[in-house]
Amino acid sequence: MQAVKDHKFSSIENIQKEFKNAGYICNRRIATTVYLAYHLGKPVLVEGPAGVGKTELAKTTAVFTGVPLIRLQCYEGLDESKALYEWKYGKQLLYTQLLKDKLDRIILKEERLSESIDRLHRYDDIFFSPHFLEPRPLLKALQQEKGAVLLIDEVDKSDDEFEAFLLEILSDFQVSIPEIGTIECRTRPLVFLTSNNTRELSEALKRRCLHLYIPFPDATLEKEIIRIRVPGVSDKLQKQLVHFIQQVRNMEIKKVPSIGETIDWARVLLLLHSESLNPDLVRDTLHVILKYEEDIRIVQERIHPLTESAVRTSGG
Amino acid sequence: MDHTLREFIRALRNAGIRVSVSESIDAINAVKLIGYAGKEDLKNSLSASLAKTIREKEEFDACFDRFFSFDSFSDPDMTATCDRTYDSRSRLSSMLLSGDRAGLISSMIQSARQMNIAGIQFQTQKSMYVMRVLNAMGMDGVDRDIRLLLEEGTPAAQWEAAELAEARKYLIENVRDFVEKYYELFSLSATDQVIENYLRNSRLTNMEERYLHRMQQIIQRMVKRLNDLHSRKKKASRRGVLDFKKTLRKNIAYQGMLFETMWKTKKIERPDIIAICDISRSVSRIVRFLLLFLYGMNEEIARIRTFVFCSSMTEVTHLFEEYPVDQALARIQNGAGLDIMMGRTDYGRSFLDFRDKGMGSVTKKTTVLILGDARNNFYDPRTEILKTISERCKRLIWLNPESRSFWGTGDSEMPRYAPFCSLVRECNTINHLEAVVASLLRIH
């Protein structure tokens, strides 16, 4: 297994190629960072605007490595018991009820109270053993025999406390559970953290990670992505729609269209059997790429020049 | 540790990128893995391990390009005369004459390292470093060679001497460029610190325009620190200890059985602020920084209303709702499009306007912050309005950019206004501003 993995991560070119096979087009910078992350065993902090494929990167890496993807979605108020582990209280209670007779017998043997307590102490570890532990994503990722890809999504949404708590895991890949002790990882998981930059992450967290910034792709890369993800779109239409999207991204609107939306749009246009963009077609399908009424209005005002310029680039 | 990398990291630190020790170790490991061969890969991997924000990435790119572009000697116009040997000449002369650029570069870099060129800090040190590097490369040998050749006097020797002299000039030029580049990379930090200290304590009114951007950065840092400090306090105040008296009282209904627990809580004070700012020329710059501070703290401040005045007063709160802080400030600064007269400052008239427009929102929870020099151009000061404000609000703070000793001189009405204020402060440096804002946020 390890050898196979090592082979897959043997060079930057290889990673880029394998990613492409898995349907994820990335530039050399991304591939280099993944390469480093694997070989240095460091987590990667991925930042960038919404919808540039930050989460997708982790998913693809999991597919390509052949290990499970374990995902932890962060939100305000996320805490240890939801991220790391929890005791199965129900099971513990049930078992104490079921074993009541047994326990009584154990205690009955002793005459004095202190002796019974001593006796009980000998058994108390049973109820705080791995059998009663409910692993949550972080612990699960550490326990995977063959390694895993751990995706900590939107870490900027979590609280400062949670961020601090992540530090131990990210630097040593181990967690301490007071009742059991320290649990170390079997195989180091490959960790991706994503952030939309809604708040500045702490220095300490950044220090422990490699940092990757993914901007919106340039026209060539985006065309490549469309070609791979939506096969069947004609070359001409590809050029036109990518050019159109790139123009829209430069406009002052509330939410610029992401790659996901470009792909959706390409699919829609494919369904409509369109060969080329024209203002009417764009107007009818604008809601696929723009999600705010205001944005749609702004773009609609300039729909003619935008479409014309897009059509011109494809030489049609 | 790799010498090149170490120097690069120093250069990064000078450019304002914070690089910790653990990050440098990552960088070393990354370079071990990637090697120096591919420049693009090297850049990507160093960027991943060293630059951790978007701003830092930009700085990093610039710094990387500058740093790794060095190792080039500009194309010499001397032609390498190949078959001749220069065994009798010094090593440097022979390298110069045979046009051995690689040799010259490595010799230059080596000498520069010996001379600890990364220690260069000031403009004035440049020529000294040029001299040192040249000497370490063996410049005296070249000079001696030229002298000997001239003494020899044969035409061939004359010609060679001329050529060598030409090459010598070329060498000096290149070393000078080299030192210049190093200066750009390494000199910033010492001066950076000095400038920051200087900026924090210098009077905002006579700040030079070119430092304004820098100031903004400093303020942003301070704002972040204050925010961190107070968000922690806020959290601490949420936690409480058991309030035993309250618990007992509450549980009388259950015959004294302690069912419900009551906790002590601290009240979090999120101040409600009304800022009244004089935007006449003499004060406008400080207004800018004060508002930058206040609006940066909007998480900790419940509500801010901002009024500006000169000859008359108007409210500008809506500007901050519509535009980003920078733009709103720019709009206020030039006073264009505001419903305001930009003549001579008239505090009395402005207070009158405030009574009509803003007095209604002054409550017992409000902190009123007035920023102005109280120079009233001998108009009626209307202290009675200030008195009303001070009676209605929780705190009235007057910030005056003038030094205390000038208060009351000429047309300054400060002594008449001061008795109605709960706090009067001189405020003309960033440090003063920080102190004021911090005191606004204190939990009581």
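In this predicted model, a hairpin in chain A connects strand E6(A) to strand E7(A) through 3 residues. The two strands, E6 (residues 174-177) and E7 (residues 181-184) of chain A, run antiparallel and are joined by 4 bridges. Within this pairing, A:Val175 has A:Ile183 as its bridge partner in E7(A).

Chain A also holds an open sheet of 5 strands, whose pairing is parallel and whose order is E2-E5-E8-E1-E9.

Strand E5 (residues 149-153) of chain A pairs with strand E8 (residues 190-195) of chain A in the parallel sense, over 4 bridges. Here A:Val149 has A:Leu190 as its bridge partner in E8(A). In a regular strand, side chains alternate between the two faces of the sheet.

A helix accompanies these strands. Helix H4 (residues 54-65) of chain A lies across strand E1 (44-47), E2, E5, E8 and E9 of chain A, and H4 runs at about 165 degrees to E8(A).

Chain B can be described as a whole. Its secondary structure comes to 19 helices and 6 strands. Of the 444 residues of chain B, 49% count as buried. Among contacts in chain B between residues at least 6 apart in sequence, 72% join residues at least 24 apart. Chain B exposes about 22500 Å², of which carbon and sulfur atoms supply 51%.

Conventions: Residues are numbered from 1 along each chain as its sequence is written. Chains are lettered from A and ligands numbered from 1 in the order in which they are written. This is a predicted model: local features need pLDDT of at least 70, side-chain atom pairs count only at pLDDT 80 or more; totals for chains, interfaces and linings use all residues. Side-chain values use heavy atoms; hydrogens and water are left out. Two strands pair if DSSP finds at least two bridges between them. Contact means heavy atoms within 4.5 Å. Axes are lines fitted to C-alpha atoms, for helices over the stretch in contact, and angles run from 0 to 180 degrees between N-to-C directions. Buried means under 20% relative accessible area, exposed over 50%, partly exposed in between (1.4 Å probe, protein chains only). Accessible areas come from the Shrake-Rupley method with a 1.4 Å probe; for residues, only the protein chains shown count as cover.
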